[in-house]
Amino acid sequence: MADQELTWRGAVVRGDRWLFDVVARRHWPGADRVLPRLGRAANHGVLWGGTAAAVTVLGSAGARKAAVRGLASLALASATINTVGKWSVRRPRPVLDGVPAVRQLTTQPRTTSFPSGHSASAFAFTAGVALESPVWGAALAPVAASVAFSRVYTGVHYPSDVIAGAALGVAAGLVVRRLTRDAVEARIVPGDERPAPAAPALPDGSGLTVVVNTGSGTAAVAGLDAVRERLPKAELVECEGPQLAAELASAAARATVLGVCGGDGTVNAAATAALRAGIPLAVFPGGTLNHFALDLGLAGTEDTCRAVEAGHAVRIGVGRFTPGPGAGTGAGTGGQGGQDGTDPEDTRAGYFLNNFSIGAYPELLGHRLRWAPRIGGGPAALLAAWRVLRAQRPVRLRLAGRPRSVWLLFAGNGTYQGTGPAPRYRKSLGEGLLDVRLVYGGGRPGPRLLAAAFAGPLTRSPVHVATRLRSLRVGDIPAGTPLAYDGEYARAPAALVLDELPDALTVYRPR
């Protein structure tokens, strides 16, 4: 058996060298100028990063999503190659005898030969894009194949190195697709929120007013025809931008149930209007990400229509931040959603259905919102991340009466699950607790934030603390410090109280 394995390996090595020599002897007109340059352009993923930026600027929303998936696939492939692949098979680079000098790279790679990192990156990016946007994937496939072939043409890899790298790249694209699909599917599961039996059933939609934010990510194609068909007596109001808050307040004043179609920021504004009017909310997902709708268990417009028709609804907790003098002098204990003296109609208060933050994320969001109109959302996000990681300083403030320096203060409306670069989803919106996470200042923001991200959802470490609270007082906030809530951006007051209002809002959801 051992002899057969050695014979098989020997045949592979001889075949590999024979193909390598065939390519070395063959001359393709123009290839000597093009292929070495193409290979150099792909060094450190520069070619694919530039391609992603171009797709983001020139393409549709679907193309931008494909570019992000391509970059995620490339990152996974590169990490696998550099941490496992290069060290598990320590194959020397090919001897350059027979490779014309004009093709050879000025600086030869010093790492081992198997597998080809350039090929893995090229095919990972292309596979990630193709699985989301086949048209863009077809356009990139010849470029990826040319990059992979250039590694044999310039004499730095054997053909089997390139084939293995390409296979690993495609596998990385499939893994990223599976992970993202599983993450979304895992979230569309109703939690254990308390039923709201008093929610009215509206079989024909009479008494329902739906405010549609036409500027949201997918509101125009969110399935509103289903609303018109199944709830024919519902009133639909289309608006955008500055008109939104006024239209929501007006609709809440005259409707039995307030409906909203838009993204998380729009749903936040509608929830504020519904809270102050004391009426139920019906959410028709129409944003790019729809975090709140997915965590609630709503897969789309049909789910909401079915719940409104039958009168099926639940009561959820709502996070609140209230400015006030002296809020940084100690820890709070309240936050009972009107049952202990708190007032959900406080006009000074802001509310969050997903999360609230101070520190690195609001800074990144502010840069992105400022630059996106000029250069596009994708490039603006990359530039904003570079700016924050390079120039951001920790925020000095007072938490529960104690001075702290933090890179990030995060408060989630309910406990977020999973580890990774960011919290992913919640199993329930009825906990009545804030998921509070702190990344302490010191060092550089990138390593600190990364270490905190992988420390787990409820752990303590030298750089990261995570716990669950009913309320938290934050004081001595420097003037001009930004805050973010449900994707919206604002300036923080000098002091504020974060608290949770349990069972504060009735939202329709099918059983």
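Reply: Helices (H or I, at least four residues) and strands (E, at least two) are DSSP runs, numbered from the N terminus. The model is predicted, so local features need pLDDT of at least 70 and side-chain atom pairs count only at pLDDT 80 or more, while totals for chains, interfaces and linings use all residues. Residues are numbered from 1 along each chain as its sequence is written, and side-chain values use heavy atoms, with hydrogens and water left out.

Me: How many helices and strands are there in the protein chain?
Reply: Under the DSSP definition, runs of H or I count as helices and runs of E as strands. On that basis the protein chain has 15 helices and 18 strands.

Me: What percentage of the residues in the protein chain is buried?
Reply: A residue is buried under 20% relative accessible area, exposed over 50%, and partly exposed in between (1.4 Å probe, protein chains only). The protein chain has 511 residues, and the buried share of them is 49%.

Me: How many disulfides does the structure hold?
Reply: A disulfide is a pair of cysteine sulfur atoms within 2.5 Å. Cys-239 is buried at a relative accessible area of 5%, and Cys-305 is buried at 0%. The number of disulfides in the structure is zero.

Me: Which residues of helix 12 are buried?
Reply: Helix 12 covers residues 301-310. Its buried residues pack against strand 2 (208-213), helix 8 (224-230), strand 5 (281-285) and strand 18 (496-508), where contact means heavy atoms within 4.5 Å. The buried residues are Thr-301, Asp-303, Thr-304, Cys-305, Ala-307 and Val-308.

Me: Which residues does Arg-306 touch, not counting those up to four places away in sequence?
Reply: Arg-306 is in helix 12 and is partly exposed, with a relative accessible area of 38%. Its C-alpha atom is separated by 6.4 Å from that of Pro-510, 204 residues apart along the chain. Beyond its sequence neighbours, Arg-306 touches Arg-230 and Pro-510.

Me: Is Leu-298 buried or exposed?
Reply: Leu-298 lies in the loop between helix 11 (291-296) and helix 12. The C-alpha atoms of Leu-298 and Pro-285 are separated by 7.8 Å. The relative accessibility of Leu-298 is 1%, and the cut-off of under 20% therefore makes it buried.

Me: How is helix 2 oriented relative to helix 6?
Reply: The axes of helix 2 (residues 31-41) and helix 6 come within 8 Å and cross at roughly 105 degrees. This angle makes helix 2, relative to helix 6, roughly perpendicular.

Me: Where is Asp-476 found?
Reply: Most residues other than glycine have a negative phi. Asp-476, which is not a glycine, has a positive phi of about 55 degrees. Asp-476 is exposed, with a relative accessible area of 51%. Its place is the loop between strand 15 (471-475) and strand 16 (482-485).

Me: Where does Asp-503 lie?
Reply: Asp-503 has a positive phi near 50 degrees. Asp-503 is buried, with a relative accessible area of 15%. The element in which Asp-503 lies is strand 18.

Conventions
Axes fitted to C-alpha atoms, helices over the stretch in contact; angles between N-to-C directions. Parallel < 35°, antiparallel > 145°, perpendicular 65-115°, else oblique.
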